[in-house]
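Hi there,

Here is the model I promised to pass on. Have a look when you get a moment, and my notes come after it.

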Amino acid sequence: MVENIRDDSSSVDVLAADLLRGHTDTIVLAMLRRDDSYGFEIFKRIRDATGGRHEIKEATLYATYRRLMKDGLIEAYWGDESQGGRRKYYRITDAGRAVYRRNMAAWALTRDLIDSLLEADRSPGPHDPAPGR
Amino acid sequence: MTIPNDTVGGSGMDIHRLLDEAFAGVEMTPERQDLKEEVRANLVARVAELSAGGLSGGAAARRAIEELGDVHTMIDGAEPAGAAAATAPWQRRVRPRPDFVLRTVVLSAAGAAGLAVLALAAAVGDVPLGGEIAAGLAIAATAGAVTADTLRQETTGNHPMPAERAAAYGIGVVLAVAGLGGGWLYLRGDGLGWLIGGVAPVLAAVGLLSYLGATQTNRHKEWVVRMNESHAAVGDRFTEDPAAAARFGVYTVVTWLVAVAGFVVLTLTVGWAWSWLALVAGMVVMMLMIARMMFVPRP
């Protein structure tokens with residue numbers, strides 16, 4: 001049984017990555033909540049926050065920045081680096097913070113619901129059907 | 001393993017050359033140039049990280065480019081076709097919350113009571129100084145509280161403002177109104193000290209509100225942002241047609257020269273009672289001209 005789970009770990013990873021992909025916007029907003037940042041730093045923060053177990057592809061992130069900017073949830077400005085190309089920094093807007101808070105609340109609710117739904121049989125509630133019925 | 005790509009400039013040059021190669025054959029638009037420059041800085045940072053991890057310059061550059069993936073998919077992803085799920089504005093309607101309405105009514109009543117006290121003081125004059133000060137402070141506090149509370153609310157078009165920022169706006173309004181109250185007491189003959197004490201908070205309020213205004217970010221909802229974009233696309237005849245903008249400028253100057261000249265002449269001949277009509281006429285012509293020139297009917 002333990003061996004089976006280990007064999008399946010790659011497919012579990014794929015499933016987790018699929019679930020995470022739906023939250024890319026919120027994850028990027030979360031990374032920008034503290035301070036402004038640029039592409040590679042955001043990429044690194046996401047990678048480090050998961051302990052290197054997961055990363056969001058850079059191409060996906062570029063698309064995400066464009067979409068968030070179009071919706072007015074983040075703003076961009078160029079840094080003043082002189083070496084190796086100027087960095088494009090992103091800043092979260094008030095609208096972005098509000099959307100982040102709303103998505104967080106929705107996620108917390110979803111997580112609790114799924115937890116209780118998937119573990120319903122493990123922790124029998126007060127309405128446990130009587131045996132033999 | 002040999003590294004054929006190490007040039008004189010080393011890895012620092014490699015990455016720029018590889019980026020140019022990746023973008024070779026891509027038709028460049030300003031947006032794509034922008035994306036390329038953004039990618040460039042990120043690649044340089046990634047190469048620095050890989051080099052610090054022990055990879056040689058050329059290998060680090062190639063690895064970074066490989067990780068980037070295909071440029072075309074990246075460009076396609078960054079330029080989505082764009083048609084967002086369109087729900088009608090009335091479906092997104094956000095009604096004010098009852099407790100907010102109640103708070104606003106109560107606070108407004110308190111502020112109105114303060115104003116009534118000041119009006120009484122001006123009309124009758126037997127309100128003690130302490131009463132006037134208390135009334136002024138009540139008006140300032142309620143105005144600030146209503147401002148902050150309103151900014152904290154979600155509306156149909158706006159997201160709620162973060163608490164600290166809304167509170168800062170509230171404080172700015174309190175300072176401004178309190179400062180005006182000091183000026184009021186000076187006008188009522190309560191000494192120069194009130195004027196000086198009033199100017200300081202007004203200056204502080206101007207500073208604070210200017211800072212807040214300058215650092216303000218978007219707080220409109222997505223559909224408002226998109227609607228503004230589409231409106232901008234409709235009304236930009238002047239950017240499409242600079243000649244129309246120049247004509248508009250000349251017409252404006254002529255219109256107001258005539259209107260002001262008419263005003264002066266009528267004032268000297270007929271008198272104040274009728275001369276203002278010249279300015280009204282100027283305004284009417286101006287508005288008609290804006291309507292005519294900015295919004296040209298589509299052929």
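Predicted model: local features only at pLDDT ≥ 70, side-chain atom pairs only at ≥ 80, totals over all residues.

Residues are numbered from 1 along each chain as its sequence is written, with chains lettered from A and ligands numbered from 1 in the order in which they are written.

A contact here is a pair of residues whose C-beta atoms, placed from the backbone, lie within 7 Å.

Chain A has an open sheet of 3 strands in the order β1-β3-β2, with antiparallel pairing. Helices (H or I, at least four residues) and strands (E, at least two) are DSSP runs, numbered from the N terminus, and two strands pair if DSSP finds at least two bridges between them. The edges are β1 (37-38) and β2 (74-78) of chain A, each pairing on one side only. Between β2(A) and β3 (residues 88-92) of chain A there are 5 bridges, and Tyr77(A) has Tyr89(A) as its bridge partner in β3(A). Helix α3(A) packs on this sheet and touches β1, β2 and β3 of chain A, its direction making about 95 degrees with that of β3(A).

The axes of α3 (residues 24-32) and α5 (residues 58-70) of chain A come within 10 Å and cross at roughly 80 degrees. Axes are lines fitted to C-alpha atoms, for helices over the stretch in contact, and angles run from 0 to 180 degrees between N-to-C directions. α3(A) is therefore roughly perpendicular to α5(A) (65 to 115 degrees).

The contact between the chains takes 29 residues from chain B and 25 residues from chain A. On the chain B side, α2(B) gives the largest share, 9 residues.

Finally, Trp194(B) sits in helix α8 (residues 192-214) of chain B. Trp194(B) is buried, because 20 other C-beta atoms lie within 10 Å (the cut-off is 20 or more, with C-beta atoms placed from the backbone). Beyond its neighbours within four places in sequence, Trp194(B) contacts Gly182(B), Leu185(B) and Tyr186(B).

Best wishes

How values were computed: Contact = placed C-beta atoms within 7 Å. Buried ≥ 20, exposed ≤ 12 C-beta atoms within 10 Å, placed from the backbone. Parallel < 35°, antiparallel > 145°, perpendicular 65-115°, else oblique.
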